[in-house]
Amino acid sequence: MMGKTKKLIELDNRAIEVLEKQAKLQKRSLKNYLEFLIENTALNFSEPSEEYKAMMDDLLERQKNGTLETIPIDEIRKKYGISRKTVD
């Protein structure tokens with residue numbers, strides 16, 4: 001398990017008000033909500049998991065070998081009733 005570090009941060013009062021409202025909506029304390037947001041954001045910046053890398057390597061290998069099955073985007077749009085105007 002990784003250690004934890006305390007940091008003092010200063011935020012604009014308006015930002016605190018908005019964040020407190022969001023925390024309440026999730027039934028969290030402001031501190032817990034901020035920790036949750038910051039940790040999730042950090043994870044999004046981190047390197048992909050080994051499972052994800054393996055999946056992507058497999059997809060790229062199948063594409064290279066010509067064994068990757070794909071569906072044209074127009075067929076997906078037709079199947080789900082999505083017009084080009086909705087997507088673009």
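The chain has five helices and zero strands; helices (H or I, at least four residues) and strands (E, at least two) are DSSP runs, numbered from the N terminus. You are looking at a predicted model, in which local features need pLDDT of at least 70, side-chain atom pairs count only at pLDDT 80 or more, and totals for chains, interfaces and linings use all residues. Residues are numbered from 1 along each chain as its sequence is written, and side-chain values use heavy atoms, with hydrogens and water left out.

**Exercise 1.** Decide which helix has the highest mean pLDDT and which the lowest.

*Solution.* First, recall that pLDDT is the predictor's confidence in each residue, from 0 to 100. The chain averages 90, and 94% of the residues score at least 70. A word of care: where pLDDT is low, the predicted coordinates should not be read in detail.

**Exercise 2.** Are aspartate 57 and aspartate 74 buried or exposed?

*Solution.* Begin with the cut-offs: buried means under 20% relative accessible area, exposed over 50%, partly exposed in between (1.4 Å probe, protein chains only). Aspartate 57, in helix H3 (residues 50-65), has a relative accessible area of 52%, so aspartate 57 is exposed. Aspartate 74, in helix H4 (residues 73-80), is exposed too, with 53%. For the whole chain, 6% of the 88 residues count as buried.

**Exercise 3.** Work out how far aspartate 57 lies from isoleucine 38, and aspartate 74 from serine 46, in sequence and in space.

*Solution.* Take the pairs one by one, C-alpha to C-alpha for the distance in space. Aspartate 57 and isoleucine 38 are 19 residues apart in sequence and 29 Å apart in space. For aspartate 74 and serine 46, the values are 28 residues and 34 Å.
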